[in-house]
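I opened the model today and kept notes as I went.

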Amino acid sequence: MKLLFKNKNEDILSRLKKQDPVAQKNFYDQNVMKFLSVAKSYISDLYQAEDCVIKAFCKIFKHIESFRGDGNLEGWARRIVVNECLNFIKSHKTVFYLDDVHASVLEEIHDEQTVFDFNAQELLDQLPDAYRMVFNLYVIEEYSHQEIADTLQISLAVSKTQLFRAKEKLRKIYFQQQKKLKNEHV
Amino acid sequence: MNTFKDNFEIQVKKQIDEREITPSRDLWSEIEFQSQNNVPPKSRLNWYLVAACLVLTFSLGAVLFFFTETSKDSPKMVQEKVKPMVNENVKTAESIHQPIMIEDHKVQEVKSLAVQEKKGNQQVQTASDEVKVVPKENISEKIKEKIQISEPKVLAQIDSSKVPAKKKRYVDPSTLLFSVEHKDVIEKTKEGSNVATIDLNIK
């Protein structure tokens with residue numbers, strides 16, 4: 001089964017390298033919704049996220065020759081999508097990385113809940129760009145702090161700080177939402 | 001506390017990973033349009049490269065072709081230039097044959113004169129005072145020697161190329177005969193011309 005899957009992937013890859021339009025369309029159909037979801041986690045505006053996905057697909061098809069086949073093709077393509085989103089944020093918005101750390105919100109997060117009822121996208125949309133980028137790269141893309149620092153061209157300490165602050169902010173937003181819901185019910 | 005943190009992050013990651021968003025517009029047509037716009041410059045560049053390669057190969061071929069042609073022609077030019085020099089230095093077959101004929105005539109003349117001398121016991125006076133009667137065999141040997149010596153000289157005389165090809169020099173047979181007979185007397189000047197010094201006082 002694995003062999004069949006591998007052969008299928010290799011077939012798609014070889015056809016993509018030949019710039020086969022049918023293979024390109026198949027690859028697009030398979031991944032567009034996933035990639036748009038990734039892009040949307042970085043860019044709150046759907047239209048702008050779609051623009052990034054378009055650019056990412058163009059880059060994928062153009063630079064498919066540079067994919068050596070060491071890893072997963074989808075993973076490689078996903079990285080391109082992420083980089084495209086980061087470039088978009090950098091070029092269109094001024095990103096401020098705040099270094100000061102305050103653990104003021106921690107006291108509010110003592111309510112341990114095993115079941116979460118929240119929309120992750122809604123929470124992420126409320127994060128500042130700097131926080132969101134670091135949080136997404138660390139939590140969703142599973143980058144290390146060093147990789148984040150290299151990608152965003154920031155220091156290691158700033159990366160750690162931004163992640164901490166992003167998490168705090170998310171929890172704060174989450175609890176605010178919960179409080180609102182409780183008040184509405186009452 | 002940690003459980004909450006971990007669970008929260010895991011939940012966020014899970015939601016984002018599992019989520020799929022349908023595009024609000026036709027992205028594929030835009031991708032196709034953009035990729036089509038991107039592809040032609042690459043192909044143009046390739047065509048430019050191909051054209052450049054073709055031009056280079058044609059130019060190189062032309063250069064090589066003309067070079068070989070000129071190299072083929074060049075010996076002809078040298079031959080044409082050398083010819084007059086050969087005439088000048090009495091080294092061509094014609095010039096060699098002519099003196100033989102002349103020598104023959106002269107020998108005959110001398111022979112006839114010798115007969116006359118025998119008959120009349122008179123001294124033979126030739127145009128020049130020091131004309132030595134050379135037998136035909138000796139002359140031919142001398143000429144052969146000349147040919148043997150002169151042949152490599154012709155190849156070595158590169159200065160002859162300076163002489164225009166069209167300008168042909170004709171050798172007077174009598175002068176030629178004189179030059180052969182009085183080889184010892186002829187001296188070369190610094191300018192390269194041959195000068196014969198004849199002492200008329202010697203008896």
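Elements first: I took helices (H or I, at least four residues) and strands (E, at least two) as DSSP runs, numbered from the N terminus. I read chain B from the N terminus on as α-α-α-α-α-β-β. That is five helices and two strands.

Housekeeping. This is a predicted model, where local features need pLDDT of at least 70, side-chain atom pairs count only at pLDDT 80 or more, and totals for chains, interfaces and linings use all residues. Residues are numbered from 1 along each chain as its sequence is written, and chains are lettered from A and ligands numbered from 1 in the order in which they are written.

Confidence, chain A. I checked pLDDT, the predictor's confidence in each residue, from 0 to 100. Chain A averages 82, and 81% of the residues score at least 70. Over residues 103-111 of chain A, pLDDT is below 50.

Burial, chain B. I called a residue buried if 20 or more other C-beta atoms lie within 10 Å of its own, exposed if 12 or fewer, and partly exposed in between, with C-beta atoms placed from the backbone. Of the 203 residues of chain B, 6% count as buried.

A:Cys52. I found this residue in helix α3 of chain A. Buried or exposed? A:Cys52 is buried, because 25 other C-beta atoms lie within 10 Å. I counted a contact when two C-beta atoms, placed from the backbone, lie within 7 Å. Leaving out residues up to four places away in sequence, A:Cys52 touches A:Ala39, A:Ile43, A:Glu84, A:Cys85 and A:Phe88. The C-alpha atoms of A:Cys52 and A:Phe88 are 7.3 Å apart, across 36 residues of chain.

Core. A nonpolar core here is a set of buried Ala, Val, Leu, Ile, Met, Phe, Trp, Tyr and Cys residues joined through C-beta atoms within 7 Å. The largest has 48 residues; A:Ala39, A:Val53, A:Val81, A:Cys85 and A:Val134 touch the most other members. Its suppliers of at least two residues each include α3 (46-62) of chain A and α1 (2-18) of chain B. I also looked up A:Val134: beyond four places in sequence, its contacts include A:Ile148 and A:Leu163.

Interface. I found 25 residues from chain B and 27 residues from chain A in the contact. On the chain B side, α1(B) gives the most, with eleven residues.
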